[in-house]
Amino acid sequence: MCVQNSAGNVGHPSIMPRRGLPGMRSKLAGNTPLTVAFLGGSITEGAGASDASAASWRARTGAYLQRLYAGHPVRCINAGVGGTTSIFGAHRLQEHVLREGPVDLLFIEFSVNDGEDRGESIRGMEGIVRQCRRLSPETELVFVYMAADKNLTGYKPFNIAVHEEVAEYYGIPSIDCAAMVYTMIRTGELDWKRFAPDGYHPLDDGHALYAAFVQEYVQQEIACGGSQAEGKGAAGAATGAKGKEATEMPGTSMEKEASEVRAAGESQDNAATRAAVLPVPPLDPRSYEYARMLDYSTAEYSAAFRVQELQPGEPLMNWRFATAHACTEDPQAEFTFTVTGQGAGLVLLYGPDSGILEYSLNGGPYTEINLFDDWCPGAYRPVLALFPVQTERGVLQIAVRNTGRRDSRSTGNGLRVLGLLCN
């Protein structure tokens, strides 16, 4: 049965349909292949589930969509990386989600891992949205908020409220699983310590409950014809005030981009579509809209560096992808790279023997970075080193060098470069 509450929301007040999923509804009648991606942290990756490929909320949601779109080949992309924020998500979007072509539906989950810096959370989530709207304009987006100790302090705790600012502005549907869990805890229907013993990662029953919340929305929106809330938000249908204003403002950067796209050979209709889905101005002009993760080989390394991969038996966490990287222990080693944008950074494979590095931006003084933390002694994992964001886009020349110094907990002064970042 398909029902709505008095606010126009499906089933539960913590599900906000906003502009809905009109593209996914229209595809239900056809038989073209579909691609669904899940971008998030460890819960999206499947942590806590006995079998991430079958019992996680992501896998269960993919299986449900395959049943719903019977006759369609449905490909699901697992772009979850444990312990990572929306900032890294924005940098990973092209490599881990869009690399093999457009995506039909993208679930985004970072409310547990994003920190207490409102600006960075806005810039990360908005960066994912705007980048996806530019590069894959037909992709339908859904924000999903999972429960954790810090997200069970009320119905709209800080991290979720910040993400909702972005969702509301862009008219993106959101599913607040944390609020539903919070309600069930208060009514005695759910024991949180049995649901997620570590305070974060749900066991199989928890993943099943999350999947049920997501399916409730998908069932209403796709199978039952959608909500009455379409057009809400700045990037909603043209009937929404903000959306109408955004598509009619003359002389905007959207028109400029549409012109550039047409000049590059894209059709006028497609260029207009790309322009129409990006409201002007962005919530934060420093958002990670142009964020990318580049291969480590893009840099110029001194002779002390070598290319290697982690060997079997070497501890690794929060990374399912290739581990090829540029590595050195030489205290005199250095490398340089150049990008164009507002910001740059590194993805380091940081672990038990990692040392302290320093960087210089555009010939400025060197700044020291020590990223060693309590997780490092146990395993290698991707850790971001982000350099200061500039007010304007431009050429950024970065020099990085080893210092030969180490944290007191480290066993060495290694420098392992897994990737380069630019925005």
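1. Start just after helix H9. There, Gly225 has a positive phi of about 95 degrees. The model is predicted, so read this angle as a computed value.

2. Most residues other than glycine have a negative phi. Asn318 is not a glycine, yet its phi is positive, near 60 degrees. Asn362 is likewise not a glycine, and its phi is positive at about 50 degrees.

3. Where does Asn318 lie? It sits in the loop between strand E9 (306-308) and strand E10 (325-328). Asn318 has a relative accessible area of 23%.

4. Now go back to H9, which spans residues 204-223. Which residues of H9 are buried? They are Gly206, His207, Leu209, Tyr210, Ala211, Phe213, Val214, Tyr217, Val218, Gln220, Glu221 and Ile222. Note that the list includes Glu221, Gln220 and His207.

5. H9 has a partner in helix H7 (residues 177-186). Two packed helices are described by the angle between their axes and the distance between the axes. For H7 and H9, the axes come within 10 Å. They cross at roughly 120 degrees. The two helices are therefore oblique to each other, because an angle of 65 to 115 degrees would count as roughly perpendicular and one over 145 as roughly antiparallel. The crossing of H7 past H9 is right-handed.

6. Which residues make this contact? From H7 come Cys177, Met180, Val181 and Met184. From H9 come Leu209, Tyr210 and Phe213. By class, the contact has seven nonpolar residues, with no polar and no charged ones. Leu209, Tyr210 and Phe213 are also among the buried residues of H9.

7. Last, the cysteines. How many disulfides does the structure hold? The count is zero. Cys76 is partly exposed, with a relative accessible area of 39%. Cys376 has 0% relative accessibility and so counts as buried, the limit being under 20%. Cys177 is one of the H7 residues that meet H9.

Methods:
Residues numbered from 1 in each chain as written. Predicted model: local features only at pLDDT ≥ 70, side-chain atom pairs only at ≥ 80, totals over all residues. Heavy atoms only, no water. Axes fitted to C-alpha atoms, helices over the stretch in contact; angles between N-to-C directions. Helix = DSSP H or I, 4+ residues; strand = E, 2+ residues; numbered from the N terminus. Parallel < 35°, antiparallel > 145°, perpendicular 65-115°, else oblique. Left-handed = near helix turned anticlockwise from the far one by under 90°. Contact = heavy atoms within 4.5 Å. Nonpolar A, V, L, I, M, F, W, Y, C, P; charged D, E, K, R; others polar. Disulfide = S-S within 2.5 Å. Buried < 20%, exposed > 50% of the residue type's maximum accessible area, 1.4 Å probe, protein only.
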